[in-house]
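Me: Could you take me slowly through one part of this structure? I'd like a close look at the salt bridges and what surrounds them.

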Amino acid sequence: MMMLLSFDLPRNTKEERKQATLYRKRLVELGFQMKQFSLYEREVQSQNTRDNLIDILKKELPDTGAIVLYLLPNEVNDKQITILGKDAPRRTVGVPQLIIV
């Protein structure tokens, strides 16, 4: 299952900009990858992991923010279409691997 997180965090004051930056950094720490500036995604394997992430996202959301979380089954996510402009950065998103050295 893929979790798609869309958020709106106000950035009018210096403090709001700081909170928004910290929240985006926290999303990366939680394993989310940025698709667009306010759109992040993460694959989850179990319902327990999903529920824990939802609890963390609720708890750590700044008071003036709002998030929308979409839970997409793999069948839907596998059919997504990405269209890039000719100068858009290309990046490959792969399956995380565990490497033991």
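Reply: Here is a walk through the sheet, then the salt bridges, then one arginine.

A bit of housekeeping: this is a predicted model, where local features need pLDDT of at least 70, side-chain atom pairs count only at pLDDT 80 or more, and totals for chains, interfaces and linings use all residues. Residues are numbered from 1 along each chain as its sequence is written, and side-chain values use heavy atoms, with hydrogens and water left out.

Let's start with the sheet. It is open, and its four strands pair antiparallel in the order S2-S3-S1-S4. Pairing on one side only makes S2 (33-36) and S4 (66-72) the edge strands. Going from one strand to the next, the twist averages 25°; the axes behind such angles are lines fitted to C-alpha atoms (for helices, over the stretch in contact), and angles run from 0 to 180 degrees between N-to-C directions. As for the labels, helices (H or I, at least four residues) and strands (E, at least two) are DSSP runs numbered from the N terminus, and two strands pair if DSSP finds at least two bridges between them.

Zoom in on S2 and its partner S3 (residues 39-43). They run antiparallel and are joined by three bridges, with a hairpin of two residues linking S2 to S3. Gln33 has Glu41 as its bridge partner in S3, while Gln36 stands opposite Leu39.

Side chains of opposite charge can pair when their charged atoms come close. Here that is counted when a side-chain nitrogen of Lys or Arg is within 4 Å of a carboxyl oxygen of Asp or Glu. Searching the whole structure turns up four salt bridges. One of them links Glu41 and Lys35, at 3.7 Å from N to O. Glu41 is buried, at 10% relative accessible area, whereas Lys35 is partly exposed, at 31%. (Buried means under 20% relative accessible area, exposed over 50%, and partly exposed in between, using a 1.4 Å probe and protein chains only.)

Another salt bridge brings together Arg26 and Glu60, 2.7 Å apart from N to O. Arg26 belongs to helix H1 (residues 14-29) and Glu60 to helix H2 (residues 47-60), so this pair ties together parts that are 34 residues apart in sequence.

Now for Asp51 and Arg50, whose closest N and O atoms in their salt bridge are 3.2 Å apart. Asp51 counts as partly exposed, with 31% relative accessibility.

Setting aside neighbours within four places in sequence, Arg50 is in contact (heavy atoms within 4.5 Å) with Met1, Met3, Val44 and Leu71.
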